[in-house]
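This briefing walks through some features of one protein structure, grouped by topic. Please keep the sequence and the model in view while you read.

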Amino acid sequence: MPLFSKLATGAVGAIHVYIVVLEMFLWDTPRGHKAFKLAPDFATKTKVLAANQGLYNGFLAAGLFWGLGHPVEEFAAQIRLFFLGCVGVAGVYGAATASRKIFSGSDFEAPDDDSPPERAGSKRRKVTATSTASASSRSVKFDSALSKSLFAQEAREATKEEACLPPLRQHSVLYHRPLLLDERVGSQGRKALLSWFDSVSQSRSMPWRKAWVDPQTISDPAELRKTLEIRAYEVWISEIMLQQTRVAVVIDYWSRWMAKWPTIHDLAAAKPEDVLSAWSGLGYYSRATRIHEAAKRVVGDPDMRGLLPSSARDLDAKIPGVGRYTAGAISCIVFGRAEPMVDGNVLRVLSRQLGIHGNIKTGKAVIDAIWAAADAMVKATSELDSPNGETSCEPNDRPGRWGQALMELGSTICTPNPDCSQCPITSTCRVYKEGELKASKPRETLKTIADIEDAACILCEPFDDSAGGSDDDSTQGKNRTNKAEVRQSKQATLAAFAFTRKPAKDAPSSSSPSATSGAPSKATMNIITSHARRFPVKVIKKAVREEETLVCAIRRSDGHYLIHRRPLKGLLAGLWEFPSQLLGPSTKPDTGKREQLATAYVSSLVNGGKERRKRKTKISCGGELGSVPWLFSHIKLTMHVFLFEVGEDAEVADDKEQPRRWVASGQVDAESMGTGMRKCWEMVQNAVKES
Ligand code: SF4
């Protein structure tokens, strides 16, 4: 028994030493990621906590070895028993409760989660989970069984429900089987969208849009590797930048970035402040830092050696700042793999194509369903006919063209206010069909079905046709149902319900591409687009927080200005700025009070190293020059700008968290500052010129 006890103690002690090494030194390395199944981003954020945990495991290991080495066996046995008991209790507790969530602290920077951007918008906006149709109260699960029944190969030819009739839109969840997956109309639709994209991509050229690199056309492996390395790098940078702002702005930023760092190796060798400076004006500065870190990792990794992984899964798992969307984009555009790439525009397009009246911002089941649909569609598009008649999914240019085509459609035609008359895929669009049906039905028909209940779809929110008031441009507005009419209509019949499932002879068939081949009248098209605008569900935007800050440009008598660096986490992380002090949320000081506060703040800065000296540095305040309003995604910031003159004997206290330094006025422009701070600098320069 003592021998067994010693062997067990030795084994458990050795395991704990290994755990200590992993937790304290290897947590944020590929080995640590693999051992604990960690995502790199998560590992980076939790490495301090892991090191602490490792220390405690070290104490356990020390205790176990103490029990092994103690010369008095009776006492040694008790020590072994105690520490083995501790390990046992910790094991039981850990098995019952351990979860990565124990590391999730609210003090971490909000994850740069690669959440779907909308390219047409000027900035990425986040929204609340509350929607006009009470989406937050619904708890719907989109599981693999449902995914299979909607998007698997065998589901493509299953009977499809005809267009459902607004306002109640009675339908089952199978209604959302994508017509774009249909053998006939879907195949034609996919080809039509690809052709449309090929034509518009020439007229709307972008420097990162290039022909797909077909590996079969480059026989030299080294040359192929180099070509793919550059191509993947170009697409990666463009995709991250496109998540920040509009295409027109990105073209300029991307071109300058590529001229400065033509390869990922150049970027990896760049100085952090240069990277921030090149990103200046795009916002979400932590993204620039992540790109830089990722470049260093990709270049330094012995497996990657500068070439980004080709699979979306590896990209997502191994590259900091690359999430599901960017991973899909790189994988399909560069490497020709059939991976979905779903941004905010694609979510909107597919919610309309599938007829899902749901919340695409926070509705998990809806988002999962659309991603699954996008996955099935890109795979269907990627299939190539081989000479022997079988289909194969070898990498090719279609996945990239398909993904970009959907995004292009969403940013130019299927916008929040769509122009369905220009759409190349009306024949597969559920919402378009519904609009047509709505235009063809008399007012009475809409009323008689208004109170039917028990819709079986679990993805769609209730559709209140009277809400939203988006049909204003409809010339058939008099036919619309309003709330009062719906309440009065208590004559619902099963016949009416059946009518919604089986349209009248003259109603267009959803599976027929010819259904929309005849151009609808202007009035009909107005109804169609008005109906389409109702998709997806509108969500109420979270109110932005209002903040005020005092921006103090401190000018020394030799013409140098004091600047300091912002903390490395959070808003505008790592950027330089004129010393600034945030006012408390309840403080609403007037101009005089603001000047007092700013003067006290500046005094504390420039006399920071002289607490024991009687004579303080002379400070003169030029007053408040004006205010610069600046809007972030979640904050409306008002920057009150002050100009101070101080003597050459000004002495600034050191601050390790926020390094400070003096820069000549001619050098301020070269500093990595946010765009809002540059506006403040313009104001200061004008004031100095005038004085
Ligand atoms: S028909 Fe209209 S709603 Fe449907 S995908 Fe085209 S533009 Fe969008």
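Is Leu572 buried or exposed? Leu572 is buried, because its relative accessible area is 19%, and buried means under 20%, exposed over 50% and partly exposed in between, with a 1.4 Å probe and protein chains only. This is a predicted model, in which local features need pLDDT of at least 70 and side-chain atom pairs count only at pLDDT 80 or more, while totals for chains, interfaces and linings use all residues. Residues are numbered from 1 along each chain as its sequence is written, and side-chain values use heavy atoms, with hydrogens and water left out.

**Backbone features**

- Leu572 lies in the loop between β6 (560-565) and β7 (576-577), where helices (H or I, at least four residues) and strands (E, at least two) are DSSP runs numbered from the N terminus, and its phi is near 50°, a positive value in a residue other than glycine.
- Arg169, in the loop between α5 (144-151) and α6 (185-203), has a phi near 50°, which is positive although the residue is not glycine, and Arg169 counts as buried because its relative accessibility is 2%.
- Phe535 and Pro536 are joined by a cis peptide bond with an omega of about -10°, and Pro536 is placed in the loop between α21 (522-533) and β4 (539-541).

**Helices α1 and α3**

- Val17, whose place is in helix α1, counts as partly exposed because its relative accessibility is 38%.
- Asn52 belongs to helix α3 (residues 40-69), and Asn52 is partly exposed because its relative accessible area is 40%.
- The C-alpha atoms of Asn52 and Met24 are separated by 7.5 Å, although these residues are 28 residues apart along the chain.

**Cavities**

- A search of the whole structure finds eight cavities of 30 Å³ or more, a cavity being a set of points, on a 1 Å grid over the protein atoms alone, where a 1.4 Å probe fits but cannot get out.
- The largest cavity has a volume of about 130 Å³, where grid points are joined across faces, edges and corners and a volume is the space filled by probe spheres set on the points.
- The largest cavity is lined by 16 residues, of which Arg352, Cys414, Cys420, Cys423 and Cys429 are the closest to its centre, and lining residues have an atom within 4 Å of a point.
- Helix α14 (344-353) and helix α17 (430-440) are the elements that give two or more residues to this lining, and the largest share, three residues, comes from α14.

Note on methods: On a 1 Å grid over the protein atoms alone, a cavity is a set of points where a 1.4 Å probe fits but cannot get out, and a pocket is an open set with protein on both sides within 12 Å along at least five of seven lines; lining residues have an atom within 4 Å of a point.
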